[in-house]
Amino acid sequence: MPEGGALAFDFGERRIGVAVGDGLLGIAHPLCTIDTESNDERFARIAALIDEWRPQALVVGLPTHADGTEHELTRLSRRFANRLKGRFALPVWLVDERHTSLLAESLLKEAGLRGRKQKPVLDQVAAQAILQTWFDMRGETV
């Protein structure tokens with residue numbers, strides 16, 4: 001696992017949650033949600049985040065069915081990860097994200113956010129869970 005910072009992404013067709021963390025400390029934090037369907041806007045926002053945070057690695061959540069079989073969003077997430085690697089020349093890791101949305105909802109409920117109040121931050125907290133999982137055990141490289 002590369003030393004230094006990392007950015008993680010909870011990829012969605014509409015929204016992408018982003019988290020940041022420090023590999024030396026092994027602690028992830030929610031950062032922002034990119035809410036646009038325009039690929040040009042998405043990658044411009046990601047480029048700005050990479051420029052600001054200077055990560056040593058990028059981490060993308062890989063969604064699958066509960067039994068681990070792949071579906072359409074799995075394919076789109078892999079494509080997104082490959083595009084990140086091609087555009088930014090950084091190591092990109094894939095992390096199983098099967099339970100991160102449930103974990104994110106649980107964390108937000110504990111923080112007193114329920115229902116619609118969760119929506120603006122749910123994706124970035126899911127990205128935080130993805131990154132924390134990566135810190136806890138290395139994922140699959142792209």
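Guide: Start with burial in α1: Arg42, Phe43, Ile46, Leu49 and Ile50 are buried. Buried means under 20% relative accessible area, exposed over 50%, and partly exposed in between (1.4 Å probe, protein chains only). Helices (H or I, at least four residues) and strands (E, at least two) are DSSP runs, numbered from the N terminus. This is a predicted model, in which local features need pLDDT of at least 70, side-chain atom pairs count only at pLDDT 80 or more, and totals for chains, interfaces and linings use all residues. Residues are numbered from 1 along each chain as its sequence is written, and side-chain values use heavy atoms, leaving out hydrogens and water.

Visitor: Why do the buried residues of α1 line one face of the helix?

Guide: An α-helix has 3.6 residues a turn, so residues three or four places apart point the same way. In α1 the buried residues fall within an arc of 115 degrees seen down the axis, so they line one face; the arc is that of the directions from the helix axis to the C-beta atoms. The face turned away from the buried side carries the exposed Asp40 and Glu52.

Visitor: Which elements do the buried residues of α1 pack against?

Guide: Contact means heavy atoms within 4.5 Å. The partners of these α1 residues are β1, β2, β3, β4 and α2.

Visitor: Which residues touch the most other members of the largest nonpolar core?

Guide: A nonpolar core is a set of buried Ala, Val, Leu, Ile, Met, Phe, Trp, Tyr and Cys residues joined through side-chain atoms within 4.5 Å. Here the largest has 23 residues, and Phe9, Ile46, Phe80 and Leu84 touch the most other members. α2 gives the most to this core, with five residues.
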